[in-house]
Amino acid sequence: MDVKNLEVVAENRCYGGTQWVFRHKSAVTACDMTFAVYLPPGAEERPVPVLWYLSGLTCTHENAMTKAGLQAHAAKQGLALVFPDTSPRGEGVADDPAYDLGQGAGFYVNATRDPWRPHFQMYDYITKELRGLVLDTMPVADVHGITGHSMGGHGALTLAFKNPDLYRSVSAFAPIVNPTRSEWGRKQLSAYLGDDEAQWGTHDACLLLAERGWQGDILIDQGGKDQFLELLRPEAMASLLSERRQPSVMRMQEGYDHSYFFVASFGEDHVTWHAERLKSA
C-alpha cells in the first residue's frame, strides 16, 4: 500500500484488518479532506472489492466508522469500506448557521452558485478524485458498491443511478429519495444549484430511477418510527419501484428510528448483500 501522498491520521487493528483515517489536499474541493478506509484481513493477500458508505447530515467520516459496526461484517465478507466526509471543511469554506446547509451538508452535488461553488464539489470528489485516490493507493479491486444513510442514502442512490459503470450494487438506509419534493432537498438544491428546478432533478433518486432505471436490484431499509419520515418520503420510492417492477427489496422496519442503532441493526444484511453482488461480478 502506497500512502506517501496521504497524511495518516489514525491506524487501528480491527477484526483482523486495519481501520485507517487519512487526510489529503483535494484539488476538487480546494481544501484538506479527511476520509476513512477499512481494509479486511484478505486485503493483505489480494485486492478486494470496495463498499462506499456515504453519511448523512451533520456527520463526518467518523460517525459510521465508529457507530455502524460494519467492519466486523466487512472482515467476514472480504470487503474494503470507504467512509468519505460529507462536505468540505475548514477556514475559508462557506458555511451556514443551519445544521442542514453548508459544512456537514454537502448533499453530494457539485455546487454552481456562490458562495458554495469554490469548495462544494462533492459529486466530483466522490466519483472521481477520491475514487481514483483509493484505487491508486489501496489494495482494492476496481469493483465497487455504494450505500449510505439519510442524506448519504440520497447520495448512494443518485450516484449509482447516474453512474452504473462505476457501481455494481446499491443500497440505502432511510434515504432522502425525493428531495425535489422535500424540505430536505429543495432548500439545499436551490442554495447549491439555483432556482432552476430542472437542474434539481438530476439529483433526485425517484426522478433518476424513473428516467434511467437501474441495471440490478436495490436494497432499502427504512425505520417505521423514523422521526423524519415526512422529509424522507419513502412512499414515493415504494410506489415507483412497484410501478416499474424494479427488482428490489424495500423494508419498513417496525419500531426503528433514524439513528445509528437502526443502521447497526441492519448493517450485516447490507454488507452481505453487496458482497454477494460484488464478488460474483
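## Salt bridges and a buried glutamine

Asp269 and Arg251 pair in a salt bridge, their closest N and O atoms 3.0 Å apart. The pair links distant parts of the chain: Asp269 belongs to helix H10 (residues 260–278), Arg251 to strand E9 (residues 248–253), and 18 residues separate them. Asp269 counts as partly exposed because its relative accessibility is 36%. Arg251 is also partly exposed, with a relative accessible area of 26%. The model is a predicted one.

Shared partners also occur. Salt bridges join Asp217, Glu276 and Arg277 into one network. The count of salt bridges comes to 15.

### Two further pairs

The side chains of Asp142 and Arg131 also meet in a salt bridge, at 3.0 Å from N to O. This pair again links distant parts of the chain: Asp142 sits in strand E6 (residues 140–148) and Arg131 in helix H3, 11 residues apart. Asp142 is partly exposed, at 46% relative accessibility. Arg131 is buried, because its relative accessible area is 9% and the cut-off for buried is under 20%.

Arg89 forms a salt bridge with Asp85, and here the closest N and O atoms are 2.7 Å apart. Arg89 has 26% and is partly exposed.

| Salt bridge | Closest N and O atoms | Relative accessible area |
|---|---|---|
| Asp269 and Arg251 | 3.0 Å | Asp269 36%, Arg251 26% |

### Gln121

Where does Gln121 lie? Its place is in the loop between strand E5 (80–83) and helix H3 (122–137). Helix H3 also holds Arg131, the partner of Asp142.

Is Gln121 buried or exposed? Gln121 is buried, because its relative accessible area is 14% and buried means under 20%.

What does its side chain meet? A polar atom of the Gln121 side chain lies 2.9 Å from the backbone oxygen of Arg117. Leaving aside residues up to four places away in sequence, Gln121 touches Val28, Thr29, Val109, Asn110 and Ala111.

Key
Residues numbered from 1 in each chain as written. Predicted model: local features only at pLDDT ≥ 70, side-chain atom pairs only at ≥ 80, totals over all residues. Heavy atoms only, no water. Helix = DSSP H or I, 4+ residues; strand = E, 2+ residues; numbered from the N terminus. Buried < 20%, exposed > 50% of the residue type's maximum accessible area, 1.4 Å probe, protein only. Polar contact = N/O pair within 3.5 Å; in protein donor to acceptor, adjacent residues only side chain to side chain. Contact = heavy atoms within 4.5 Å. Salt bridge = Lys/Arg side-chain N within 4 Å of Asp/Glu carboxyl O.
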